[in-house]
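The paragraphs below go through selected local features of one protein model. Please keep the sequence and the coordinates at hand while reading.

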Amino acid sequence: MTSRPRPFTLMEGENSQQLENAHSEFYKRNFDQAEELYTKFISSCLQSRDCEPSKLATAYNNRGQIKYFRVDFYEAMDDYTSAIRTDCQFPIPFYNRGLIRYRLGLFEDAKSDFQQALKLDAGFEDAKVSLQQTLLDQQEKIKRGY
């Protein structure tokens, strides 16, 4: 049995355009405008409860990146965690959250995030490198007695 495609609604069209506009501003490095558009998209999705999880997770992840660029690490981690809760098969927010945890010296948490990113995408080279560096720095921290 096959399912029929759902009819395309005006709300979906507006949301999709809003998300595309947010991506466009993000890639042009207009981060204030992109953040505003991602926030509107996320709010609209949460109100309507009618968005694809992968699109909502991408919006959270990219808004998190903007916050990361501003060095708002805890707010960025909140967005990455929301992305993960929305789509737990999306490796990028695990990696991004791991980077922040690494920078904050939370090596065990960073290690866990990098491992999960690699579990989801074994070929994720940046996650492999970051995991190796985390393990080295964690050992160094233990050697120094921190």
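The model is a predicted one, and the values here are computed from it. Gln139 sits in helix H7, which covers residues 125-143. Its separation from Phe107 is 32 residues along the sequence, while the two C-alpha atoms are 9.8 Å apart in space.

The next topic is a pair of helices. Helix H3, residues 53-69, packs against helix H5, residues 91-103, at an angle of about 25 degrees, and the axes are 10 Å apart. Angles under 35 degrees count as roughly parallel, so H3 and H5 are roughly parallel to each other. Their crossing is left-handed. On the H3 side the contact is made by Asn61, Gln65 and Tyr68, and on the H5 side by Ile92, Pro93, Asn96, Ile100 and Arg103. By residue class, this contact of H3 with H5 comprises 4 nonpolar, 3 polar and 1 charged.

Two loop residues have backbone angles worth checking. Arg29 belongs to the loop between helix H1 (10-27) and helix H2 (31-48). Its phi is near 70 degrees, a positive value in a residue other than glycine. With a relative accessible area of 58%, Arg29 is exposed, because the class begins over 50%. Val71 is in the loop between H3 and helix H4 (73-86). Here too phi is positive in a residue other than glycine, with a value near 65 degrees. Val71 has a relative accessibility of 51% and so counts as exposed.

How many disulfides does a search of the whole structure find? The search finds 1, formed by Cys45 and Cys51, with their sulfur atoms 2.0 Å apart. A disulfide is a covalent bond between the sulfur atoms of two cysteines. The link of Cys45 and Cys51 is left-handed, with -90 degrees about the S-S bond. Cys45 is buried, at a relative accessible area of 3%, whereas Cys51 counts as partly exposed at 23% relative accessibility. Cys88 is in no disulfide, and the nearest cysteine sulfur, that of Cys45, is 18 Å away. A disulfide requires sulfur atoms within 2.5 Å. Cys88 has 44% relative accessibility and therefore counts as partly exposed.

Key. Residues numbered from 1 in each chain as written. Predicted model: local features only at pLDDT ≥ 70, side-chain atom pairs only at ≥ 80, totals over all residues. Heavy atoms only, no water. Axes fitted to C-alpha atoms, helices over the stretch in contact; angles between N-to-C directions. Helix = DSSP H or I, 4+ residues; strand = E, 2+ residues; numbered from the N terminus. Parallel < 35°, antiparallel > 145°, perpendicular 65-115°, else oblique. Left-handed = near helix turned anticlockwise from the far one by under 90°. Contact = heavy atoms within 4.5 Å. Nonpolar A, V, L, I, M, F, W, Y, C, P; charged D, E, K, R; others polar. Buried < 20%, exposed > 50% of the residue type's maximum accessible area, 1.4 Å probe, protein only.
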